[in-house]
Amino acid sequence: MSALGPLATRMGDNTLILGHRLSEWCGQAPALEEDIALANTALDLIGQTQMWLGLAAEIAGEGKTADDLAMRRDVWDFRNLLLVERPNVDFAYTTTRQFLFDRWHLPMLDALSRSSEPRVAAIAAKAVKEATYHAERSAELVVALGDGTAESHDRMQAALDALWPYTGEMFIGDDIDAELASEGIAPAPESLRDGWEEAVRTFLADATLSVPDSDFAHRGGRSGARHSEHLGHLLTQMQWLQRAYPDATW
Amino acid sequence: MVRPAPAPVPGSMSDLSGRPRHDGPPPATEEEVRAILSGVPDPEIPVISVTDLGIVRDVALRDGTCRVAITPTYSGCPATSVISFAIEAALRDAGLEPVIETRIDPPWTTDWLTETGRAKLLAYGIAPPSPAGGPEACPQCGASDLTRISNHGSTPCKAQWRCDACQEPFNYFKCH
């Protein structure tokens, strides 16, 4: 079951990096309710990270912990989607990124909650409840802002155009995914595409936003082969304490 | 000038003095242990206890060691580690050696809130969870003309609502 570690790492790196990105909004969101919602979503994602990277660390052995994996790996060891390391830019980008991710994350967790591997199923069953709130909120915001003012519409369209090429990576499987699917541990990434497209297109139509006419996909995040420069900058901030003072504790 | 530290809010995270004290011999049965745990408040909503919240999943007592399985409400809820600490402290005070285990499966649900817990929430001004997906009535005035402000609130488990009759905002404990 050599693919289980990579699965836990990919899931945990997605939630860690996106959770950190959202936490960058803390105290700066355009409205108090949104500030709280972003911080709560970040908190859920970091909590899920503890479970996924906890599992990855358990599989890795050698006394490793989730903290070791989060704080002591460099860019090339991360396996998150390129989408989640995209910078916040503005509230439209942040909302659109969350929406595109949530609509994948929710069915992914739902499928994982029926995994043949009990530890995966348990984590996913816990996380899917939280992801349901995330998906509901981001879809509501996409519709409200897309079909909002001329300004909010233009910003949302610009964000969608910029982020769309980062969505394809969610649905491109590799040997690890094939092994996970054959053992009933995780769904094949390709199998989630149709449901995602249908949901995303429905909300985007309600939001009066145009879906970009391109299926070009940036890739290299979940394989670790080609992360964007943004991940390095994020890690220098997230990991600075452990880099400056290794083994520091409270 | 050194200012005196503010008095801790009774039952809150900063209040260690009001922790229930246990006099007499250590508890001999699991029921007695549960009675002690029912005096341990939730650090973020101190009117309800950890047993009211339904997060104590299992209690096993053997040779002076007490194993307690707790389940987190939300996976990132920062109160979870404080709760473990508070449970440990309460059991040590009672003369037991505590071992706390975190159990995520099956995942916590608001169905595990006790009836007492729901009544305490309501009395505190937090509308208890309802299968309808929103509060049944305003905890202040009892009206049912309500509007959701945000699905997220001051803790992961709460949403913000407003009563359109009395115009007061209030917290709703989300169905989960």
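User: How far apart are the C-alpha centres of domain 1 of chain B and domain 2 of chain B?
Analyst: The C-alpha centres of domain 1 of chain B and domain 2 of chain B are 28 Å apart. Domain 1 of chain B covers 30-102, and domain 2 of chain B covers 125-173. Such bounds come from an automatic or database domain assignment. This is a predicted model: local features need pLDDT of at least 70, side-chain atom pairs count only at pLDDT 80 or more, and totals for chains, interfaces and linings use all residues. Residues are numbered from 1 along each chain as its sequence is written, while chains are lettered from A and ligands numbered from 1 in the order in which they are written.

User: How many residues of domain 1 of chain B are in contact with domain 2 of chain B?
Analyst: Six residues of domain 1 of chain B are in contact with four residues of domain 2 of chain B. Contact is judged on C-beta atoms placed from the backbone, which must lie within 7 Å. On the domain 1 side, three residues are nonpolar, two are polar and one is charged. Nonpolar covers Ala, Val, Leu, Ile, Met, Phe, Trp, Tyr, Cys and Pro; charged covers Asp, Glu, Lys and Arg; the others, Gly among them, are polar.

User: What does UniProt list for residues 30-93 of chain B?
Analyst: For residues 30-93 of chain B, an unreviewed UniProt entry lists "domain: MIP18 family-like". Such annotations may be inferred rather than shown by experiment; names are shortened and positions use the numbering here. Residues 30-93 of chain B are 36% helix and 20% strand, and their end C-alpha atoms lie 16 Å apart. Helices (H or I, at least four residues) and strands (E, at least two) are DSSP runs numbered from the N terminus.

User: Which residues of chain B does the UniProt annotation "domain: PaaD zinc beta ribbon" cover?
Analyst: That annotation, from an unreviewed entry, covers residues 137-174 of chain B. Residues 137-174 of chain B are 0% helix and 42% strand, with end C-alpha atoms 14 Å apart.

User: How many residues of chain A are in contact with chain B?
Analyst: 20 residues of chain A are in contact with 15 residues of chain B. Helix H2 (32-60) and helix H6 (118-146) of chain A each supply at least two residues of chain A's side. That side has ten nonpolar, three polar and seven charged residues.

User: At what angle do H2(A) and H6(A) pack?
Analyst: Two packed helices are described by the angle between their axes and the distance between the axes. H2(A) and H6(A) pack at about 165 degrees, with axes 10 Å apart. Axes are lines fitted to C-alpha atoms, for helices over the stretch in contact, and angles run from 0 to 180 degrees between N-to-C directions. H2(A) and H6(A) are therefore roughly antiparallel. Under 35 degrees counts as roughly parallel, over 145 as roughly antiparallel, 65 to 115 as roughly perpendicular, and the rest as oblique. In H2(A), the meeting residues include Ala37(A), Asp44(A) and Trp52(A). In H6(A), Arg119(A), Ile123(A) and Glu130(A) are among them. By class, this contact has six nonpolar, three polar and five charged residues.

User: At roughly what angle do H5(A) and H9(A) cross?
Analyst: Helix H5 (residues 91-112) and helix H9 (residues 193-206) of chain A cross at roughly 140 degrees, with axes that come within 10 Å. H5(A) and H9(A) are therefore oblique to each other. H5(A) brings Leu100(A), Arg103(A), Trp104(A) and Pro107(A) to the contact. H9(A) brings Gly195(A), Trp196(A), Ala199(A) and Val200(A). The class count is six nonpolar, one polar and one charged.

User: How do H6(A) and helix H7 of chain A cross?
Analyst: Their axes come within 7 Å and cross at roughly 125 degrees; H7 of chain A is residues 150-163. H6(A) is therefore oblique to H7(A). Val142(A), Leu145(A) and Gly146(A) of H6(A) contact Ser152(A), His153(A) and Met156(A) of H7(A).

User: Where is the residue other than glycine with phi near 55 degrees?
Analyst: Most residues other than glycine have a negative phi, and most peptide bonds are trans. Glu62(A) has a positive phi, near 55 degrees. Glu62(A) sits in the loop between H2 and helix H3 (66-71) of chain A.

User: Is the peptide bond from Asp105(B) to Pro106(B) cis or trans?
Analyst: The bond from Asp105(B) to Pro106(B) is cis, with omega near 0 degrees. Pro106(B) is in the loop between strand E3 (97-102) and helix H3 (115-124) of chain B.

Methods. Two residues are in contact if their C-beta atoms, placed from the backbone, lie within 7 Å.
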